[in-house]
Every structure is written in C-alpha cells, then in structure tokens.
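Subject: The structure we talked about

Dear colleague,

Here is the structure that I promised to pass on to you, and below it you will find my notes. Please read them with the model open beside you.

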Amino acid sequence: MSDYEKSIGVKGQYFLTTHYYRDQSYLSAFYDESSVSNAQKLVKAGHTIGSHSVGHFPDFNDKERFPIVKTTRDAYKASHNTQTGITTGDSTWAEVALSKEILESDLGNQVRSFRTGHLLMNKHIPIVQEEAGYSFSSCYGAGDVMTCFPFLERIGNEWSGRQSKVLQMPLHFSDVINNSPMDETNWPEKPEQWLKILNKLAGNYAPAILLIHPNREWKMLAEKLLVDRLDRQAIELYNFEDYGDFWSARRELVFEFAYVAKKDKVMIRANRADFDRNGHLSFMVETESGKQPSEIVLVDENAFSLPLQVEEVAPGKFLAYR
C-alpha cells in the first residue's frame, strides 16, 4: 500500500498500534522489531505516522477503567479479558501519550495525530491528547457527530468544556461496512459505494477521510480502484496531516472585506504572509442581487491586489480562489 501511494505521489497517514507485550487473552506482541522496521520504511517513503493506542482495547470508552495514570513502557502491561470484556491495569495516559512516546522514540519522527481503537472515546482522552502535544485526532464517525468538517475538541467531551487545541477530523467512510461486510469476494463492489459518498461530500466542498485497514492485499486494490475512478481534476488527494494544517490555517486567517458600489467590486483584505502560507484558501461571496460582481480581489496590507478566480457554485454564491 505504501509503494502504491508513493507511486501516485500521495503521502498516506498510517495509524500504528504499539502493542509491544503479550496479552495472554487478547493480543500478541506484534509491535516488534519487524513492525518497527516496516514503520521506519513508511517514514522514509514520506508517509506520516500517528498513534492508534497501545492496546486497541474494546472497552476504552470506560473512563473508570482507563484513568489518567502516568506510567512507563516497561511497567505498562494492561490486559483484556475476552470472557468478561474487562481490561485491567490500564491507563488513558498510556494509551494516548505513552504510545506517542514509543513511536517517536522508535521512529525518530514527530507524532501529531491520534486515532482511538474501535473509534471509542472516554472523557479523559481530549485532555491527555492536548497535554501530549497532539495536533490532530480522528476518533469519530462524521455521522455520530453530525458534521463532516473538522472542529476543536472540548475538554471532557462536554459542551461546557474548555475548547481544546486539538483539531478533531471526523472519519467519513471505511472498509468496515456493517450491513454488508467487505471480504475477498465482494470487495470490487465497495469502491463504488465509497465514490458515491465522496462525490456527495465534494458537492459541499467537504473533506472525505477514508479508513482502510492494511491487512489484506485486496484492500489495497480497492483503494486503487477508488483512486482510478476519481475525477482528479475536481478532487485532490491530501495527506491527513497536510489537510489538518490547511484547516488550522483557515481557522486562523483574519480578513476584512468591503464592497465598492461604483466599480461593482468586492475587496478582501488579509495579510499576505497569512494567505501565502496556505495557497488553497478560498472565500465564498454571496450577493443580494444574485449577480456576480464585476471583480473580486484580494488585497494585502500594502494595498497590493491579487486577482482571484471566481466560480458560481450556487445561485448568488461565488467561490473566489487563487
């Protein structure tokens, strides 16, 4: 999968589970020398690496079982009992922060992103993510949070919680399809379903984040089939963290606008450095008349004008971009 993505000029995002010890009833010690070596190859190929927890435990949403307890790699040996469904000796801090420390120590790269196992969240996770220095998180399905767009987490997962510094980027679709599981016989049908979702998202200028578990060769073929069917002129393939940086820059952009009636001209003012930092930023201009202004320009702090391309995306709504 890494070789394929590199061949088409795409940097993938790989979330790695760092289960480095043998859990007698649940998981093997699969994060071993071989896994570290393969992960180092991913980094060398230009892909980005995120944490997918230590244990991928199925009860990670229970904050009582997963308190904020700091520990070490040598000491942490949480274990899940498949008969009772209960994990013991566990820690939210270890699953979130220690897993990051392990990856950064073994791979020599900065780990900026976290995805919880089974997309399970507990109330401790946002504060630990922030304290551990994560930039991005992808722990929710878009249908669960009722938005397709990134948003800043709230500490404690409470409406009244302080706004976190971590950007939550919801997942939109994956190779886990409950009503018709994806397998080695029907996988060629699934990229068409992904494409339908993706095109609907594209119609609203929304991102489309796809999760594929890289554990079967035919899943890589499914990814290739999806990419081959994309309209690459209309839809661009981004690395997960690059898109997170784009959205963060979008949130931080400060701008003003004015309408010059005599010239039927819209002027948008922003600092040149802020806009040049992210050339994909765009503006939506909506007019009461429904007519396109004669001109829409971006003006920097030195009154230098940068013409913008304009596209009508809905009646009276015009997308202006460089």
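A contact, as I use the word here, means heavy atoms within 4.5 Å. Helices (H or I, at least four residues) and strands (E, at least two) are DSSP runs that are numbered from the N terminus. A residue is called buried if its relative accessible area is under 20%, exposed if it is over 50%, and partly exposed in between, with a 1.4 Å probe and protein chains only.

Please keep in mind that this is a predicted model, in which local features need pLDDT of at least 70 and side-chain atom pairs count only at pLDDT 80 or more, while totals for chains, interfaces and linings use all residues. Residues are numbered from 1 along each chain as its sequence is written, and side-chain values use heavy atoms, with hydrogens and water left out.

Of the 322 residues, 47% are buried.

Helix H4 (residues 125-132) is largely enclosed by the rest of the structure, because six of its eight residues are buried. Those buried residues are Ile125, Pro126, Ile127, Val128, Gln129 and Glu130, and they pack against helix H3 (92-107), strand E5 (113-114), strand E6 (136-137), strand E7 and strand E8 (163-168). Just after H4, glycine 133 takes a positive phi of about 90°.

Strand E14 (residues 295-299) is mostly covered as well, with four of its five residues buried. Two strands are said to pair if DSSP finds at least two bridges between them. Strand E12 (residues 265-270) pairs with E14 in the parallel sense over five bridges, and arginine 269 has valine 299 of E14 as its bridge partner. Strand E15 (residues 305-307), by contrast, runs antiparallel to E14 and is joined to it by three bridges; here the bridge partner of valine 297 is proline 307 in E15. The hairpin of E14 and E15 has five residues between the strands, and alanine 303 takes a positive phi near 65° in this hairpin.

Most residues other than glycine have a negative phi, which is the background for two further residues. Histidine 56 has a positive phi of about 50° and lies in the loop between strand E2 (48-51) and strand E3 (79-81). Methionine 146, with a positive phi near 60°, is found in the loop between helix H5 (142-145) and strand E7 (151-154). Is methionine 146 buried or exposed? Because its relative accessibility is 72%, methionine 146 counts as exposed.

Finally, a word on the aromatic rings. Rings of Phe, Tyr and Trp (its six-membered ring) pair if their centres lie within 6.5 Å, and planes under 30 degrees apart count as stacked, over 60 as edge-to-face and the rest as tilted. By this rule the count comes to 14 aromatic pairs. The rings of phenylalanine 275 and phenylalanine 283 are stacked, because their centres are 5.9 Å apart and their planes stand at 10°; both of these residues are buried. Ring pairs also link Phe149, Tyr238, Tyr243, Phe246 and Trp247 into a cluster.

With best wishes
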